[in-house]
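Student: I would like to learn how to read a model like this one, feature by feature. Where should we begin?

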Amino acid sequence: MDNPTPHASNEPDETSGGRPISRKGLLKAAIVASAAPLLAGGGVALARDAASAGNGPLAPTPQCDDGDDTTPPQMEGPYFKPNSPRRTSLVTPGTPGVPLTVSGYVFGRACRPIPGALLDFWQADTNGSYDMARYAFRGHQFTGPDGGFSLTTVVPGLYPGRTRHLHVKAQAPGGRILTTQLYFPGEPRNNTDALFDPELLMTVRNVGNGRQGTFDFVLDVAQTPGPTDPPTDPPTEPGTSWESGTSYRAGDRVTYGGVAYRCLQAHLAMPGWEPPQVPALWERG
Ligand SMILES: [Fe+2]
């Protein structure tokens, strides 16, 4: 299940030329803009954006859906080892195999990036073998301030009974561990591997003699949208009168005294918390 535009806002946005655009799209666009200097040299693309967009500039694509579209778990399998080295590259210049980079972002349920998230990767070598004696093709890293990560490795080889895949454990600081696997598009065995899940497909493109994979994780981490975030989608229609005793969510719209307001953070409305009284909860507009 990959919803390209799951909940487009009803509010036209000036950055989209009047075209409805989702909050996640805006958040992602902001991340792209802020991360541009980092990405320019490596040609790193945001996960799954390239899937159907050809080679042109890529439109931001929502990757998470306010909590109901978190990255699904998968079995750990028999080859995990704890205490992997902390490193973003699993190869040296002489490592056999097709070079592969995997990059992307780790988001929470409100689609905000999670800095400092742990990602622990392990995989087979180019011949389909796991190193159980030492730590070849095993490594953990932490997402940067923008929630981004990048792994340098080789394309894992095939081994009996499975399609091509990477293993990974992802954990927000203090959060639960997500154990899952990432898959490669266009693999014949994707059709016969019972574990294969299309939600876990990376976007992969050929670059030179190697491949670039991208994937964004969405962890089951509650997040409160910031006051500067675009409104939660879908927003309620304007015109509902503010009422004490109502639970409002960020992005909800009400009128009070003939003036329109937008909710900045979720709360239960109480007497004395009328929108004009509490700028922390309501802004005009
Ligand atoms: Fe495996």
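Tutor: We begin with the nonpolar cores. In soluble globular proteins, nonpolar side chains tend to be buried together. In this predicted model, the largest nonpolar core has 37 residues, and Val106, Ala170, Met202 and Leu219 touch the most other members.

Student: Which strands each supply at least two residues of this core?

Tutor: They are strand S1 (99–107), strand S2 (118–122), strand S4 (148–154), strand S5 (165–171), strand S6 (177–183) and strand S9 (217–218). Of these, S1 gives the most, with 5 residues.

Student: With which residues is Leu219 in contact, leaving aside its neighbours within four places in sequence?

Tutor: Leu219 is in contact with Thr70, Thr71, Val106, Gly108, Ile114, Ala170, Ala172, Gly175 and Leu178.

Student: What does the protein come to in secondary structure, and what share of its residues counts as buried?

Tutor: There are 1 helix and 14 strands. Of the 285 residues, 36% count as buried. As for contacts with a separation of 6 or more, 64% are between residues 24 or more positions apart.

Student: How do I read a sheet? What is the strand order in the open sheet of 4 strands?

Tutor: The order here is S3-S2-S5-S6, and the pairing is antiparallel. Strand S3 (138–142) and S6 each have a single partner strand, so they stand at the edges with one side left without a neighbour in the sheet. On average, neighbouring strands of this sheet are turned by 20° against each other, direction ignored.

Student: How many bridges join S5 to S6?

Tutor: The two strands run antiparallel and are joined by 7 bridges. As one example of a pair, Lys169 has Thr179 in S6 as its bridge partner.

Student: What is the order in the open sheet of 3 strands?

Tutor: That sheet has the order S11-S12-S14, again with antiparallel pairing. Its edges are strand S11 (253–256) and strand S14 (282–284); each has a single partner, so one side of each lacks a neighbour in the sheet. Here neighbouring strands are turned by 40° against each other on average, direction ignored.

Student: How do S11 and S12 pair?

Tutor: S11 pairs with strand S12 (residues 259–263) in the antiparallel sense over 4 bridges. Thr255 has Ala260 in S12 as its bridge partner, and Arg253 stands opposite Arg262 in S12. The hairpin of S11 and S12 has 2 residues between the strands, and Gly257 takes a positive phi near 60° there.

Student: What should I make of a positive phi in a residue that is not a glycine?

Tutor: Most residues other than glycine have a negative phi, and most peptide bonds are trans. Two exceptions can be looked at here. Asn83 has a positive phi of about 65°, and Phe137 has a positive phi of about 60°. Asn83 is found in the loop between H1 and S1, whereas Phe137 has its place in the loop between S2 and S3.

Student: Is Asn83 buried or exposed, and is Phe137 buried or exposed?

Tutor: Asn83 counts as exposed because it has 8 C-beta neighbours inside 10 Å, and the cut-off for exposed is 12 or fewer. Phe137 counts as buried because it has 25 such neighbours inside 10 Å, where 20 or more are needed.

Student: What does Pro85 touch, not counting residues up to four places away in sequence?

Tutor: Pro85 touches Tyr135 and Gly139. Pro85 lies in the loop between helix H1 (23–42) and S1, and is exposed, with 11 other C-beta atoms within 10 Å. Pro85 and Gly139 are 54 residues apart along the chain, yet their C-alpha atoms are separated by 5.0 Å.

Student: Where does the pLDDT stay under 50?

Tutor: Where pLDDT is low, the predicted coordinates should not be read in detail. The protein averages a pLDDT of 80, and 71% of the residues score at least 70. The pLDDT stays under 50 over residues 32–46, for which the model has 19 contacts beyond four places in sequence. It is also below 50 over residues 48–62, a stretch with 25 contacts in the model beyond near neighbours in sequence.

Conventions: Residues numbered from 1 in each chain as written. Pairing = 2+ DSSP bridges. Axes fitted to C-alpha atoms, helices over the stretch in contact; angles between N-to-C directions. pLDDT = per-residue confidence, 0-100. Contact = placed C-beta atoms within 7 Å. Core = buried A, V, L, I, M, F, W, Y, C linked by C-beta atoms within 7 Å.
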